[in-house]
Amino acid sequence: MAHFGYALRDRQLHEELARAKTAVGAPEIWMVTWSDIGIGNLQSTWFLHKSDAESQFEMCKSQGHPVMLSDGLNQHDWTSGRSGIAGHGALHSFVQFSGHALREVYATAFKRR
């Protein structure tokens with residue numbers, strides 16, 4: 001069953017993010033990931049403040065973009081933390097894209113010196 005594979009990869013990514021965040025001592029951050037309907041690509045932006053991330057999430061949502069808001073460990077609210085994402089495959093794509101973007105943030109923006 002494909003859903004089990006998705007869950008396993010998502011959990012492994014979550015664990016990797018927890019290690020990366022701890023290793024660099026990063027503060028809590030927030031990630032907004034959306035699909036640009038015009039070009040069909042996923043995009044992400046990270047924020048230090050939840051209110052800024054929520055504003056970006058609401059803007060994407062109001063523009064009709066499929067969008068997900070997650071915390072720095074790539075967890076999202078299943079009820080109100082995503083909009084316009086249909087199906088397990090699409091959700092997995094958002095979770096993986098967001099997680100890899102978070103990993104990149106920890107590797108670059110919060111790199112220990």
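Which residues lie nearest the centre of the largest pocket? In this predicted model, local features need pLDDT of at least 70 and side-chain atom pairs count only at pLDDT 80 or more, while totals for chains, interfaces and linings use all residues. Residues are numbered from 1 along each chain as its sequence is written, and side-chain values use heavy atoms, with hydrogens and water left out.

Ala7, Asp10, Trp78, Leu91 and Val95 lie nearest the centre of the largest pocket, which has 15 lining residues. A pocket here is an open set of points on a 1 Å grid over the protein atoms alone, where a 1.4 Å probe fits, with protein on both sides within 12 Å along at least five of seven lines; lining residues have an atom within 4 Å of a point. Two elements, α1 (2–24) and α3 (88–108), each give two or more residues to this lining, and α1 gives the most, with six. The space amounts to about 340 Å³, taken as that filled by probe spheres set on the points, which are joined across faces, edges and corners. By class, the lining holds six nonpolar, seven polar and two charged residues.

Turning to the second largest pocket, about 180 Å³ of space is found there. Its lining counts 13 residues, with Trp30, Lys50, Leu69, Asp77 and Gly81 nearest the centre. Here α2 (50–62) and β3 (67–71) are the elements that give two or more residues, and α2 supplies the largest share, four residues. Helices (H or I, at least four residues) and strands (E, at least two) are DSSP runs, numbered from the N terminus. This second lining divides into three nonpolar, five polar and five charged residues; Ala, Val, Leu, Ile, Met, Phe, Trp, Tyr, Cys and Pro count as nonpolar, Asp, Glu, Lys and Arg as charged, and the others, Gly among them, as polar.
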